[in-house]
Amino acid sequence: MAHLLILDALNLIRRLHAPVVSEQSTTHAQLIATQQRLQRTVMTILDEVQPTHVVAVFDADAPGWRHRLYPQYKQGRSAMPEALAIGMTALQDTLWQCGVDSLLTDEDEADDLIATLSLQLTQRQQPVTLISTDKGFCQLLPRGVAIRDYFNRRWLDHQFVQQHFGVEPRQLVDFWALTGINGSHIPGVNGIGPKGAQTLLQRYGSLDQILSQSVAEDKLLHKVQQHAAAARLAQTLVRLREDIPLGFNLRAIRYAPRPLS
């Protein structure tokens, strides 16, 4: 049986790089230190997970379909640190030395690539382990993806979702459609926060059901129905695509350890 390990590459690399900034004074030294940490971390993960297949997924440089649909998407996010921007090829080489190939396309987000690749395996009842701290991937839990937050030594599982969001994993997309996601500059429904979203989803089950109700005295329900277009936009932006052309088969990412230099 195949066991696919997916590394959310920039999520991993940014967190390994962050403490290096205060330790090293030049971008070159920061890059070298980040490469060293990346190699140690990836080898540790590989040893813990014991995958048969592995790939590191990167974001594309060009704006993707979410930006075209909603130009304010991720507006205001800080730029990639200079050491990472100039050293991306070197970091991908470090991954390759660990036996990990990199996957990226011209304009697709890593999140959609990860969702698409994961589904190809879980549909065949093959295990997938994703290394990421991004809670947005928790919408993949009903698909059978296991999500590991390496830095906090925890699984982002059903219990995690219940504790942090108060809804079922299958309801997360609709939860974020109602609340929006500040970090990605995705709008939700103005005036609907986490508590309101929990109440509505516990009562009605889904955004579709909320929008299909007859307007009554329920102020929360009325508010969502008044801003149905905003909720639908957020729902589209939040939901991960699962139909990105990948252009390779599983054999191409079989894990084969390479002698470390």
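Begin by selecting arginine 66 and aspartate 112, whose side chains form a salt bridge (a side-chain nitrogen of Lys or Arg within 4 Å of a carboxyl oxygen of Asp or Glu), with the closest N and O atoms 2.7 Å apart. Arginine 66 belongs to helix α3 (residues 65-69) and aspartate 112 to helix α6 (residues 110-122), so this pair ties together parts that are 46 residues apart in sequence. Helices here are DSSP runs of H or I with at least four residues, and strands are E runs of at least two, numbered from the N terminus. Both arginine 66 and aspartate 112 are buried, where buried means under 20% relative accessible area, exposed means over 50%, and partly exposed lies in between, computed with a 1.4 Å probe on protein chains only.

Before moving on, note that this is a predicted model, in which local features need pLDDT of at least 70 and side-chain atom pairs count only at pLDDT 80 or more, while totals for chains, interfaces and linings use all residues. Residues are numbered from 1 along each chain as its sequence is written, and side-chain values use heavy atoms, with hydrogens and water left out.

Next, select aspartate 218 and arginine 203, which meet in a salt bridge at 2.4 Å, N to O. Aspartate 218 sits in the loop between α10 (207-212) and α11 (219-226), and arginine 203 in helix α9 (residues 194-204), so the pair ties together parts that are 15 residues apart in sequence. Aspartate 218 is buried, with a relative accessible area of 16%, whereas arginine 203 is partly exposed, at 47%.

Now go to arginine 37, which forms a salt bridge with glutamate 23, the closest N and O atoms being 2.6 Å apart. Arginine 37 is in helix α2 and glutamate 23 in the loop between α1 and α2, 14 residues apart. Glutamate 23 is partly exposed, with a relative accessible area of 45%. The count of salt bridges comes to eleven.

Finally, select helix α5 (residues 88-97), whose buried residues are Met88, Leu91, Gln92, Thr94 and Leu95. Looking down the axis of α5, you will find these buried residues within an arc of 150°, so they line one face of the helix; the arc is that of the directions from the helix axis to the C-beta atoms. The buried residues of α5 pack against several elements, among them β1 (4-8), α2 (27-49) and β3 (101-103), with contact meaning heavy atoms within 4.5 Å. After α5 comes glycine 99, whose phi is positive, near 90°.
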